[in-house]
Amino acid sequence: MVEGVRRKDGQLCLTNPEVLDIVTARVLEHMRADPSARIFSVSSNDWFNPCDCPVCRKAVEESGAQSGPLLRFVNAVAGDTPALPKPHLRVGGRASCAPL
């Protein structure tokens with residue numbers, strides 16, 4: 001959501017539990033489908049328009065940075081995948097800085 005409107009060119013709502021469930025399921029799918037892979041990236045798209053719904057805005061304010069919701073999201077995905085197919089697999093993310 002950007003300025004109160006859902007947009008196709010915006011980022012995902014990283015505080016939405018349904019988005020977390022979908023992404024976690026997809027990460028697990030990829031982990032099981034490619035046994036040779038070791039790292040799975042959960043990153044934002046490389047453009048502006050982060051979600052600014054009230055919950056995301058609060059997460060940004062609490063963390064003091066736009067990367068706050070993404071870091072929480074990546075940690076949640078990693079935390080929701082305790083039954084990783086192999087213990088040496090890692091979930092990581094990339095965040096870039098932009099003025100608030």
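The second largest pocket of this predicted model has a volume of about 240 Å³. A pocket here is an open set of points on a 1 Å grid over the protein atoms alone, with protein on both sides within 12 Å along at least five of seven lines, and lining residues have an atom within 4 Å of a point. Grid points are joined across faces, edges and corners, and the volume is the space filled by probe spheres set on the points. Of the 15 residues that line the second largest pocket, Leu12, Val23, Val42, Ser43 and Phe73 are the closest to its centre. By class, the lining consists of 9 nonpolar, 5 polar and 1 charged residues. In this count Ala, Val, Leu, Ile, Met, Phe, Trp, Tyr, Cys and Pro are nonpolar, Asp, Glu, Lys and Arg are charged, and the others, Gly among them, are polar. Helices α1 and α3 each supply at least two residues of the lining, and the largest share, 5 residues, comes from α1.

Residues are numbered from 1 along each chain as its sequence is written. The model is predicted, so local features need pLDDT of at least 70 and side-chain atom pairs count only at pLDDT 80 or more, while totals for chains, interfaces and linings use all residues; side-chain values use heavy atoms, with hydrogens and water left out.

The protein chain has 3 helices and 2 strands, and from the N terminus on its elements run α-β-α-α-β. Helices (H or I, at least four residues) and strands (E, at least two) are DSSP runs, numbered from the N terminus. Of the 100 residues of the chain, 29% count as buried. Buried means under 20% relative accessible area, exposed means over 50%, and partly exposed lies in between (1.4 Å probe, protein chains only). Among contacts (heavy atoms within 4.5 Å) between residues at least 6 apart in sequence, 79% join residues at least 24 apart.

The largest nonpolar core has 13 residues, and those with the most contacts inside it are Val23, Val27, Met31, Phe40, Val42, Phe73 and Val77. The elements that give two or more residues to this core are α1 (17–33) and α3 (67–79), and α1 gives the most, with 6 residues. Such a core is a set of buried Ala, Val, Leu, Ile, Met, Phe, Trp, Tyr and Cys residues joined through side-chain atoms within 4.5 Å.

Val27 lies in helix α1 and counts as buried because its relative accessibility is 9%. The C-alpha atoms of Val27 and Ala78 are separated by 9.3 Å, although these residues are 51 apart along the chain. Asn75 lies in helix α3; with a relative accessible area of 56%, Asn75 is exposed. From Asn75 to Val42 the C-alpha distance is 9.7 Å, at a separation of 33 residues in sequence.

Two further residues belong to the loop between β1 and α2. Phe48 is found in this loop, between β1 (39–41) and α2 (54–63), and counts as exposed because its relative accessibility is 65%. Phe48 and Gln11 are 37 residues apart in sequence and 7.6 Å apart, C-alpha to C-alpha. Ser44 also has its place in the loop between β1 and α2, but at 24% relative accessibility Ser44 counts as partly exposed. Ser44 and Ser67, 23 residues apart in sequence, are 9.3 Å apart in space, C-alpha to C-alpha.

Definitions and conventions: On a 1 Å grid over the protein atoms alone, a cavity is a set of points where a 1.4 Å probe fits but cannot get out, and a pocket is an open set with protein on both sides within 12 Å along at least five of seven lines; lining residues have an atom within 4 Å of a point.
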